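Good morning, and thank you for making time for this presentation. I would ask you to keep the sequence and the model in view while I speak.

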Amino acid sequence: PLPGGGGLAVLAGDATSMGAGLCRELVNSLQGTWQNADTPGELYVVNDRSVMRFRHRGTDVAEFSNILREDTMRARLQWGMKGKFVMQVEEW
C-alpha cells in the first residue's frame with residue numbers, strides 16, 4: 001500500500017524549500033516494491049518518479065512514467081494521471 005493522509009504545517013522558514021526537502025524524502029521513502037493490501041496479487045514497483053503496476057501474476061503490466069509529482073508549496077506528493085491523489089504527512 002502506498003502511504004497517505006494527514007496534513008503538514010510549516011511553522012517557520014522558507015515554506016517552498018522546506019516543502020521541496022520533504023517531497024524529496026517522500027519520493028525516496030517510496031522506492032522499491034509495494035503490495036496492495038486490499039488486492040495481494042497487485043504489486044507496484046516505484047523507481048524514481050515512475051511506477052510499474054503488476055496484476056494477475058505479472059500478466060497485466062502497466063507503466064506510469066513520471067507519475068509522482070512534487071507539490072512543494074503544499075509539501076506533498078501528487079500521483080495519478082491527473083494528480084488527484086496526494087500524500088502528505090503530519091510528522092516526519
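**Salt bridges and the strands around them**

Let me begin with Arg 49 and Glu 70, which form a salt bridge whose closest N and O atoms are 2.3 Å apart; the term requires a side-chain nitrogen of Lys or Arg within 4 Å of a carboxyl oxygen of Asp or Glu. Because Arg 49 sits in the loop between S2 and S3 and Glu 70 in strand S5 (residues 69-71), this pair ties together parts that are 21 residues apart in sequence. Strands here are DSSP runs of E with at least two residues, helices are runs of H or I with at least four, and both are numbered from the N terminus.

A word on the basis of these values. This is a predicted model, in which local features need pLDDT of at least 70 and side-chain atom pairs count only at pLDDT 80 or more, while totals for chains, interfaces and linings use all residues. Residues are numbered from 1 along each chain as its sequence is written, and side-chain values use heavy atoms, with hydrogens and water left out.

What else does Arg 49 pair with? Asp 48 forms a salt bridge with Arg 49, at 3.3 Å between the closest N and O atoms. Asp 48 has a relative accessible area of 45%, Arg 49 of 23% and Glu 70 of 30%.

S2 (residues 43-47) and S3 (residues 50-55) run antiparallel and are joined by five bridges; strands pair if DSSP finds at least two bridges between them. Asn 47 has Ser 50 as its bridge partner in S3.

On its other pairing, S3 runs antiparallel to S4 (residues 60-64), again with five bridges. Phe 54 stands opposite Val 61 in S4. Four residues separate the strands of this hairpin, and His 56 takes a positive phi near 50°.

Finally, Arg 55 forms a salt bridge with Glu 42, the closest N and O atoms being 2.7 Å apart. Arg 55 lies in S3 and Glu 42 in the loop between S1 (32-35) and S2, 13 residues apart. Is Glu 42 buried or exposed? Glu 42 is buried, at 8% relative accessibility, whereas Arg 55 is partly exposed at 28%.

How values were computed: Buried means under 20% relative accessible area, exposed over 50%, partly exposed in between (1.4 Å probe, protein chains only).
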